[in-house]
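Colleague: I am new to this structure and would be grateful for a guided discussion of it. May we go through its packing and its charged pairs in turn?

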Amino acid sequence: MTRRRVGNPLALAVLSCLSERPMHPYEISTTLRCRGKEQSIKLNYGSLYSVVEALQKHGLISARETTRAGRRPERTVYEITEAGLAELEDWLAELLSTPVREYSSLEAGLSLMPSLPPHDVAMLLGKRTQLLRAELHVLDSMLKEAADLKLPDLFVVEGRFRRAMLAAELDYVQALAADIDAGTLSGVGGWRRIHELRAEGVSFEEIMADPVHYLGEEGRLLQPPPST
């Protein structure tokens, strides 16, 4: 991915808003929230001001005017520059066309789950499925409301994408938890035995020193390669 002058995805949202018309930061925040963009892009008012300052510093937006309504604080209205418009178009093109390797918290947990006993992992994955179902229920309600309002699909495309990802995750996590519980996941026997041995006071170092002795044939995969 291209290294951006302002890499926060919120900067892309700001540029998108200002490509429509000049706005002040509060108006940008209100516009993004009204459109539900905080579901896809992390949005808080403090970071928004920092992003606006950074975009101005790099010449991607510029201050158009400063206004004051009554006793309210002054508000600076910003507009996008030609460089900002080029950045918006190039950034969006890259995001939509180029797959990026993203490291999810679930994937990290799955990669290290043998550190917990199989039963505990299956139980924790079961809790995750409950939370995923709840999130899907909320999302389905939002999508139904959008359909009842006859909103064009264009305005909910990110919600439909989120739903597809959640549904796929739910299917995978449910199946994995069931395979662990049933012992049908390849390698789960040795995994379970390691935790039983450790509960009996056998250290992991001892197990790894002679894995075949402790784990039988499954332990052969854990044997260190012969020295040359």
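**Packing and charged pairs**

Modeller: At 29% relative accessibility, Arg128 counts as partly exposed. Please bear in mind that this is a predicted model.

Colleague: Which residue does the side chain of Arg128 meet in a salt bridge?

Modeller: Side chains of opposite charge can pair when their charged atoms come close. For Arg128 the N to O distance is 2.7 Å, and the cut-off for a salt bridge is 4 Å. The partner is Glu169.

Colleague: How many residues apart in sequence are the parts that this pair ties together?

Modeller: Glu169 belongs to helix 7 (residues 157-182), whereas Arg128 belongs to helix 6 (residues 118-148). The pair therefore ties together parts whose separation in sequence is 41 residues.

Colleague: Which residue of helix 6 pairs with Arg163 of helix 7?

Modeller: Arg163 is partly exposed, with a relative accessible area of 29%. Its side chain takes part in a salt bridge with an N to O distance of 2.5 Å. This pair ties together parts 23 residues apart in sequence, and the helix 6 partner is Asp140.

Colleague: Is Asp140 buried, partly exposed or exposed?

Modeller: Buried requires under 20% relative accessible area and exposed requires over 50%. The value for Asp140 is 32%, so Asp140 counts as partly exposed.

Colleague: How many nonpolar residues does the contact of helix 1 with helix 3 have?

Modeller: On the helix 1 side are Leu10, Ala11, Val14 and Leu15, which meet residues of helix 3 including Leu48 and Val51. The contact has no charged residues and 1 polar residue. The number of nonpolar residues is 8.

Colleague: Which element gives the most to the largest nonpolar core?

Modeller: This core has 23 residues, and Val14, Leu18, Ile28 and Leu55 have the most contacts inside it. Helix 1, helix 2 (25-34), helix 3, strand 2 (75-80) and helix 4 (82-97) each supply at least two of its residues. With 8 residues, the element that gives the most is helix 1.

Terms used:
Residues are numbered from 1 along each chain as its sequence is written. This is a predicted model: local features need pLDDT of at least 70, side-chain atom pairs count only at pLDDT 80 or more; totals for chains, interfaces and linings use all residues. Side-chain values use heavy atoms; hydrogens and water are left out. Helices (H or I, at least four residues) and strands (E, at least two) are DSSP runs, numbered from the N terminus. Buried means under 20% relative accessible area, exposed over 50%, partly exposed in between (1.4 Å probe, protein chains only). Contact means heavy atoms within 4.5 Å. Ala, Val, Leu, Ile, Met, Phe, Trp, Tyr, Cys and Pro count as nonpolar, Asp, Glu, Lys and Arg as charged, and the others, Gly among them, as polar. A nonpolar core is a set of buried Ala, Val, Leu, Ile, Met, Phe, Trp, Tyr and Cys residues joined through side-chain atoms within 4.5 Å.
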